[in-house]
Amino acid sequence: LTPDDHPSKPELLNNLGSALLTRFSRLGVIDDLQSAIVVHRQAVDLAPDNHPHKSTYLNSLAKALRSRFNRFGILDDLESALIVCRQAVSLTPDGHPNKPTHLNNLGSTLETRFNRLDSLDDLEAAIVVHRQATRFDRLGGLDDLESAIVVKRWVVDFTPNGHPNKPMWLNSLGRALKNRFNRLHKLDDLESAITFCRQAVDLTPDGHPDKPMWLSGLGSALGIRFIQTRNPEDPKLSYSAFVSAADQETGPPSVRFDAVKGCIYTRSFQIALGHATYRDLMNDFDRAFNLIPQVAWLGTNIAQRYTILSSIGEVISYAVSIAIQTGALSRAVEWFDEGRSVVWGQLLQLRSPVDNLRSDYPDLADKLQSLSRGLEVSGNDISIADLNELLHSGPDVTVPDQASVRTKLAQDYQTLLHEIREKDGFKNFLLPRTLAELVPPHRKDGPVIIINVHHLRCDALIVYGSAEPIIHVPLPKLTSKIAEDIRLCITKSLKEAHNAVRGTMEDRVTDSGPPDYCRGALRYELSRNVDSVFADASEVLWLCVVQPILERIENKLADSTIANIPHITWCPTGPLAFLPIHAAGIYGCRGMPDHGMKLSDIIVSSYTPTLSALLRPPHMFADGWPSMKALIVSQPTTPGMAKLPGVLSEAIRIQEHLSSQIKHLYDTDATVDAVLGAMKEDDCQVFHLACHGFWGVKDPAKSAFALYDGHLTLSRLMSISVRNAELAFLSACQTPTSYEELPEEAVHLAVGMLAIGFKSVIGTMWPIGDQEAPIIADEVYRQLKENCVSGDGRLKVAYALHEAAKVLREKVGESNITRWAPYVHFGI
């Protein structure tokens with residue numbers, strides 16, 4: 001409401017920018033950070049150089065630019081922040097009360113550039129500047145690291161203890177000294193850093209939102225001192241600081257979670273010294289799991305939650321390993337399910353049936369359903385018009401308000417959950433499930449086999465039912481390095497070999513290239529055939545993973561058969577989430593006693609991201625296959641991409657096996673809106689999609705199917721709900737490939753289809769041939785039509801795919817693993 005020429009406009013803009021930056025620091029909403037920079041730039045541009053607060057506006061802009069650098073690592077943002085910081089310092093006269101603040105900000109920015117470029121000049125300059133924030137008249141040059149520390153020390157020395165910024169400046173000086181210790185290894189710097197960090201903590205009252213950060217800085221410095229001096233008291237002191245930081249409820253969840261990781265790391269030292277036990281460590285993991293829902297908060301969008309979760313996977317696999325180590329197998333399974341696929345779990349929770357709640361409290365059920373739907377779609381790509389139509393109350397939502405809408409919806413959702421849990425019989429409503437809630441007493445579909453990969457140990461947990469004991473199978477031949485080496489070799493060999501396939505393979509190998517050694521049996525050589533690499537990988541998977549598991553449960557497998565062949569649902573983690581366990585075996589002549597043993601000959605395999613994903617009951621088809629409604633989407637000529645002539649043949653073949661209730665969107669008719677509309681409106685039970693597919697390297701929510709007018713992204717798919725959805729057949733490339741920085745999230749299109757309601761999904765692990773795709777699709781639907789249901793009326797999708805893969809294997813040859821093995825089944 002304030003015109004640009006009004007003298008108060010710069011101050012109002014600065015206040016708005018600071019509020020947006022504060023919310024970004026708490027919730028991690030990127031829109032807030034970008035808006036804060038825009039608003040702060042406006043404040044700077046509207047204020048002339050002689051404006052009394054121009055330096056303050058510059059300082060605020062510099063902080064926002066540095067925050068964006070810390071988030072995205074773009075060096076131009078850091079250089080711009082330095083320029084703006086120096087402008088703020090130069091416009092502030094000596095003796096001005098804001099001079100220390102501006103100097104401290106300059107010192108921190110110099111220190112950040114030192115951390116980015118490893119330039120000792122920047123570190124020394126940062127120290128000088130930080131000293132000078134307390135002793136500005138002694139300032140030397142700003143071109144070296146020493147000057148940064150000097151400035152910070154100057155600020156600290158001349159600021160009274162009652163000053164509200166004194167703890168921040170003390171912590172900033174301590175951090176700079178710790179950085180110089182890491183660079184020059186002078187123990188005096190580390191001792192001084194501990195002293196200043198402790199003073200920052202002592203001057204900050206409990207409940208202050210910055211106290212967890214100061215405590216974590218102190219804990220980190222004490223931990224570094226233990227590594228240097230082996231002082232036995234330091235792990236205890238470090239742990240105490242970290243646990244205090246983690247338990248400060250007013251701190252940002254991300255800072256508190258980092259503190260929990262510090263607790264876990266420091267507790268390991270205590271265990272090594274004999275001052276703690278693994279059961280003590282279990283308590284720290286409890287803290288971590290309590291914080292995960294706050295870190296990956298529903299008030300942020302899905303892409304941001306993925307980014308936040310990239311640092312959590314290691315904690316989850318470590319927690320499961322320690323639970324196994326202590327014999328707490330049920331706890332291990334519960335933690336595994338709670339910590340893996342956090343975003344998927346949140347989506348499934350938002351779609352959870354509320355029948356019991358509705359029967360007792362219908363008003364609460366309606367309100368919960370409305371809030372859940374709002375959170376679901378606001379976390380994905382959605383137009384403002386669609387969001388307004390969904391909320392249909394209050395003033396219209398505008399673009400800058402989207403983050404506010406998500407925040408308000410999430411707050412209302414948590415408040416409502418608290419209210420529901422106060423009602424009789426709903427104490428544990430939508431809380432993490434126990435083992436008894438995750439699996440039925442006795443599973444009819446064979447075991448779920450969880451494979452936990454961690455650098456300390458690798459294990460399999462075999463779950464037959466909540467009423468049966470969990471079977472633990474150690475996997476001593478498997479290591480996280482072996483699993484990662486196999487993944488790198490397969491990825492690189494596919495990149496080299498892909499040719500005339502449906503889609504493209506992203507190069508996910510690091511600049512250093514693939515490893516040249518893996519367990520003695522798997523070597524990658526550029527001249528080798530890709531199927532030879534797969535044969536070696538399959539052998540390692542058989543010897544290290546599958547064989548010890550099958551040997552342990554050989555007698556029980558006979559009880560989990562349909563058509564005389566057992567069924568296993570695999571739930572792998574880490575690098576194994578990228579690997580074809582279903583194709584494990586020994587291929588070729590190797591003179592080994594178990595030559596010719598292949599998992600696909602003796603087991604029907606399925607995959608699942610979590611146990612929770614198997615909870616929804618499938619539909620029972622008393623009338624058989626002909627009553628199924630189907631939507632077929634085929635895209636032979638996607639603009640700008642290679643032609644796929646095989647998709648038309650594929651569509652024609654499968655229509656022969658489907659009922660008359662078919663809708664076929666073909667070529668130009670297969671637009672994004674048309675497909676989404678047909679999925680929502682036509683109540684499709686079978687969804688078959690034949691087109692190009694790819695996954696988002698930087699943002700897994702951008703994984704997509706290429707349609708005629710654009711990309712049908714995973715986030716758009718997750719914004720809809722399909723009634724009576726049974727089978728999704730994704731005849732496109734890499735639909736179940738995970739984002740390697742988020743293996744515990746199993747981020748891929750196949751699991752996305754599970755999230756929107758489909759019970760079974762067929763996808764592909766790597767690029768598929770346009771000639772093979774119609775064969776596998778034809779045979780899957782033939783099998784479903786002829787043997788569509790099991791004895792209890794459920795679709796036998798996993799068995800249909802198993803038989804189809806067998807047909808394709810016979811056509812292309814068993815040694816051509818890359819042609820018959822990419823097809824996998826997810827779900828029930």
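Two strands pair here if DSSP finds at least two bridges between them, and strands (E, at least two residues) and helices (H or I, at least four) are DSSP runs, numbered from the N terminus. This is a predicted model, where local features need pLDDT of at least 70, side-chain atom pairs count only at pLDDT 80 or more, and totals for chains, interfaces and linings use all residues. Residues are numbered from 1 along each chain as its sequence is written, and side-chain values use heavy atoms, with hydrogens and water left out.

Start with strand E8, residues 630-634. E8 pairs with strand E9 (residues 662-666) in the parallel sense, over 5 bridges. E8 also runs parallel to strand E10 (residues 686-690), again joined by 5 bridges. Take Val 633: opposite this residue in E9 stands Leu 665, and in E10 its bridge partner is Leu 689.

Is E8 mostly covered or open? Mostly covered: 5 of its 5 residues are buried, meaning under 20% relative accessible area, with exposed over 50% and partly exposed in between (1.4 Å probe, protein chains only). In a regular strand the side chains alternate between the two faces of the sheet. On one side of E8 are Ala 630, Ile 632 and Ser 634, on the other Leu 631 and Val 633, and all are buried.

Now helix H26, residues 646-655, which holds Leu 648. Leu 648 counts as partly exposed because its relative accessibility is 33%.

That is E8, paired with E9 and E10, and Leu 648 in H26.
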